[in-house]
Each structure stands twice: as structure tokens, then as C-alpha cells.
Amino acid sequence: MNEYDSARIRNALGLELTENPKKADVIILNTCSIREKADQKALSSLGRFKNLKAKNPNLIIGMGGCVAQLYGEKLLDRMPHLDLVFGTRTIPLLPKLISDIEEKKRRRTVETSFDIEDVFEIEPYHEEGKVTAYVSVQQGCNKFCIYCIVPTVRGKEVNRPVEDIEREVNNLIKKGVKEITLIGQTVNSYRRDGVKFSQLLWRIAEIEGLLRIRFTTSYPRDVSGKLIEAMRDIPKLCKHIHLPVQSGSNRVLKRMKRTYARESYMDIVRRLRDAVPDIAITTDIIVGFPGETEEDFNNTMTLLEEVEFDGTFSFNYSPRPGTEAATYTDQIPWGISNKRLIRLQELQGEITKRKNVERVGRVEEVLVEGLSRNDPGWISGRTTQNRVVNFPGDRSLTSRMVKVRITEGFQNSLRGKLEEINQGN
Ligand code: SAM
Ligand code: SF4
């Protein structure tokens with residue numbers, strides 16, 4: 001979501017990009033507040049630009065995103081070299097905010113309103129030659145997970161009109177994009193003008209020139225029968241779902257207010273696998289939620305083994321200002337939580353590696369995204385299950401769908417050999 005917003009900020013400003021902060025006329029920091037570490041990183045990054053401002057008083061420094069939304073005015077008090085604070089919904093106002101500062105109509109501005117007419121206005125900058133792109137279909141979140149700061153900093157759920165989504169996808173296809181990922185905090189709860197998420201998928205699948213559709217992140221209770229059918233019946237829809245479970249303990253899930261139990265989560269997993277046998281399922285886990293006992297944690301470990309997730313993003317619980325869970329008195333010491341996190345990541349690492357090794361010998365369809373990062377002279381792409389595959393090949397194959405025989409499986413990627421280039425794309 002932040003990557004997408006950064007690309008929108010870039011387009012909103014319409015300025016030439018420089019990698020060198022010393023050469024910049026405007027510096028904008030886009031920030032994340034999901035955990036304390038990200039929040040602190042945002043503030044310390046800002047500190048680094050203090051000297052530049054001292055040397056060049058005309059330099060405009062702005063902070064946007066979730067940290068800006070959260071602290072607003074207080075940031076100006078704390079950071080005398082900061083000129084502009086804008087929130088998660090005010091990106092469309094950026095050109096006016098910047099020009100007002102430039103023309104000295106305003107100094108040191110804060111604009112964090114949620115009351116914006118079209119929060120999706122301004123499409124993101126798209127890097128030339130990039131084959132994949134995100135498309136936002138939803139802003140904000142209407143759930144009440146009591147550890148989470150997202151509803152505070154991104155506001156209530158707003159769903160984007162289908163026509164606007166289709167227009168953005170069409171624009172991207174004209175720029176050479178072959179795969180889009182629809183994004184939203186609980187993307188599968190999308191509903192706009194009577195169109196539900198599964199229907200949106202069918203509409204997007206009709207767009208010519210698009211080879212693949214992905215979506216993230218899904219909320220377990222909102223996985224409908226129609227969504228499962230869409231995953232089975234839409235050939236362009238990739239065989240992967242990111243379905244955060246957060247914990248394997250019903251006691252913890254209830255306390256988190258996640259609105260589902262381990263058993264109902266397992267039921268969704270079974271239904272997805274019945275409909276799409278080769279589907280990849282990935283998840284998010286929070287370790288060390290207030291009051292988490294060793295038994296609760298062991299329940300999460302057994303869930304990992306029971307589901308055999310293809311991958312997991314896991315985090316130590318981090319208390320966030322203004323959330324209910326931060327006020328709980330039974331916080332878990334970091335030392336205990338982190339030991340559990342390491343155990344969990346070791347277990348998931350073994351499962352992921354095993355599942356990757358199981359792919360050896362198979363022929364997978366891969367959309368080539370470009371040169372491989374680690375192997376010079378090799379190219380790289382992803383399978384429908386979102387596994388990275390590196391294989392010897394020419395970069396001219398970028399944006400083509402090819403068949404690759406898998407020869408090796410590692411923890412984070414696969415290696416293979418080009419078998420065939422698909423015709424007609
Ligand atoms: N909306 C998505 C969902 O509920 O699945 C993702 C929201 S959040 C950007 C991504 C992940 O951050 C969550 O799934 C959760 O695991 C984690 N997270 C959220 N709040 C957290 C906190 N206070 N401490 C640690 N991890 C947190
Ligand atoms: Fe946060 Fe996701 Fe829960 Fe929304 S559904 S409150 S974004 S964890």
C-alpha cells in the first residue's frame with residue numbers, strides 16, 4: 001500500500017526524481033506506523049535531512065503516510081526543519097500544498113483530513129518496462145482488531161468505483177503491464193455499487209491483454225463461496241491467497257477480536273484446497289500478543305504444521321498508541337516473545353523449503369519480470385503461486401509467459417531451465 005502511495009506522491013508532485021538528497025528541491029518521506037520500529041525509523045530518517053535544510057532554506061521537506069497521520073501537528077513542533085505534514089488521504093492535495101509553500105502563501109502546513117472527495121485521485125507513477133503493478137481498490141479498514149493502528153491512520157473503508165479500477169488497469173496494459181495485484185486492507189470485503197469482490201474479479205478478468213490477476217490482503221471471515229468459485233474458474237486469477245490468521249489459539253483470536261476461530265479458518269483452507277488443489281496459502285502471524293501463554297503459542301506452531309503455509313510474515317507484537325491492546329497489563333516481555341518468534345520462523349523456514357523442494361521436476365508457467373537479482377546472465381519471474389524462479393535466459397523474454405522446468409528449490413526461490421516460450425503473448 002505504501003509503495004503504491006509513494007508512486008502516487010511521485011506523480012502528484014510531477015518533479016524529476018533524484019537519488020541524491022543534496023540535489024533535491026523537495027524531499028518527501030512516506031511512512032509506516034504498523035509497528036513501533038517502522039514509526040521510529042520514519043522519525044530518525046527525517047532527522048538526517050536537518051543539515052540539508054540548514055544549507056538550503058528553500059528546500060521543502062514533507063512527511064506523509066501513517067506516521068504523519070498519527071502525529072500530525074506534533075511533528076512540526078518536534079522537527080523544526082519540517083515544512084509539510086500530509087495524511088494518508090490527502091495525496092491529491094499535494095500539488096496545491098507544495099505550491100502554497102513555494103509561493104510563501106503558507107508556511108509549515110498540516111493537512112491530515114479524512115474528508116476528501118476522491119481519495120483515489122492521482123494514479124501512481126509506473127516505471128517503464130515494469131511488467132507487474134498494484135491497483136488500489138480499497139482504502140481504510142472497517143475491522144476492529146484491537147492491536148492494529150490501521151483503522152486510526154487510514155480511516156474507514158472506502159471502496160473504489162469499478163469503472164475507475166478498470167480505467168487504471170487499461171492504462172497500465174497500454175504501458176506493457178501483464179500482471180496486476182488488486183490491493184486493499186481487507187480486499188475481499190470490497191463492495192461498491194452492488195458489485196462484490198468476486199464480481200470485480202470477473203470484470204477485471206475480461207480486460208484484454210492482461211495475463212494475470214492477484215489480490216491482497218484477504219480477511220478470513222470474508223472469504224465467500226463466490227470468491228472460492230472465482231479462484232477455481234477464472235484462469236487469469238493466480239493460485240495464491242494471502243490469508244492472515246495472526247494466531248492458532250482461539251483464546252488469543254477472540255481477544256484480538258479477529259471474528260473467526262481456528263476451526264473456521266481451517267474450514268476455509270480446506271474449501272480453498274478442494275476447489276483449487278495446487279493453491280498456495282500464505283499468512284501473517286503476531287507472536288507475543290498480550291497474555292499469550294506457552295500453550296497459546298504452541299497452538300500457533302501446530303497450526304503452521306497443520307496448514308503447511310507456503311510462506312509466513314511473522315512479527316513480535318508491538319503496542320501501538322491509542323489501541324486497546326496497548327493498555328493491557330499482561331504484555332509479554334520482548335525476550336520471551338522474540339524467542340518464540342525465532343522458533344516459529346525456523347519451523348516455517350523448514351516448511352517453506354520443503355514445499356519449494358517438492359516443486360523440483362515440475363514444469364511451471366512463469367511470467368518473466370526481468371533480469372535476476374542474484375545470478376548475472378539469468379532472468380527471473382514468478383509462478384502462479386507467487387514463487388520466484390531464476391533461470392538462464394535472455395532479458396528479451398521480459399513480459400513473456402514461459403514454461404520452466406524446476407531443477408532446485410531453496411528457502412526463498414526456485415531455480416530452473418527454460419522449456420518453452422508460450423505463443424501468443
Ligand atoms: N489488513 C490486513 C489483515 O488484517 O490481514 C493486514 C494489515 S497489516 C498492514 C499487516 C500485518 O501486520 C497484520 O496482518 C499483522 O500481522 C501485523 N500487525 C498489525 N498490527 C500489529 C502490531 N500492533 N504488532 C505487530 N504486528 C502487527
Ligand atoms: Fe488491522 Fe487488518 Fe485488522 Fe484491519 S483487518 S484492523 S488492517 S489487522
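Me: A crossing is left-handed if the near helix is turned anticlockwise from the far one by less than a right angle, and right-handed if clockwise; which of the two is the crossing of α8 and α9?

Reply: This is a predicted model, in which local features need pLDDT of at least 70 and side-chain atom pairs count only at pLDDT 80 or more, while totals for chains, interfaces and linings use all residues, and side-chain values use heavy atoms, leaving out hydrogens and water. Residues are numbered from 1 along each chain as its sequence is written, and chains are lettered from A and ligands numbered from 1 in the order in which they are written. The crossing of α8 and α9 is right-handed; helix α8 covers residues 162-174 and helix α9 residues 197-205, and they pack at about 35 degrees with axes 11 Å apart. In contact (heavy atoms within 4.5 Å) are Val162, Glu163, Ile165, Glu166 and Val169 of α8 with Leu200, Arg203 and Ile204 of α9, which divide into five nonpolar, no polar and three charged residues.

Me: Why are α1 and α6 called oblique to each other?

Reply: The axes of α1 (residues 2-13) and α6 (residues 94-102) come within 8 Å and cross at roughly 55 degrees. Angles under 35 degrees count as roughly parallel, over 145 as roughly antiparallel and 65 to 115 as roughly perpendicular, and the rest are oblique, so α1 and α6 are oblique. Where they meet, Ile9, Ala12 and Leu13 of α1 face Leu94, Pro95 and Ile98 of α6, a contact of six nonpolar, no polar and no charged residues.

Me: What makes α13 roughly parallel to α14?

Reply: The axes of α13 (residues 294-307) and α14 (residues 334-357) come within 10 Å and cross at roughly 10 degrees, and that value makes the pair roughly parallel. Among the residues in this contact are Phe297, Met301 and Leu304 of α13 and Arg340, Leu344 and Ile351 of α14; by class, the contact has six nonpolar, three polar and four charged residues.

Me: How do you know that ligand 1 has a polar contact with tyrosine 147, arginine 258 and serine 318?

Reply: A polar contact is a pair of N or O atoms within 3.5 Å; within protein, one must be able to donate a hydrogen and the other to accept it, and residues adjacent in sequence count only if both atoms are side-chain atoms. A backbone N or O atom of tyrosine 147 lies 3.0 Å from a nitrogen atom of ligand 1, a side-chain N or O atom of arginine 258 is 3.2 Å from an oxygen atom of ligand 1, and a polar backbone atom of serine 318 is 2.8 Å from a nitrogen atom of ligand 1.

Key:
Axes fitted to C-alpha atoms, helices over the stretch in contact; angles between N-to-C directions. Helix = DSSP H or I, 4+ residues; strand = E, 2+ residues; numbered from the N terminus. Nonpolar A, V, L, I, M, F, W, Y, C, P; charged D, E, K, R; others polar. Left-handed = near helix turned anticlockwise from the far one by under 90°.
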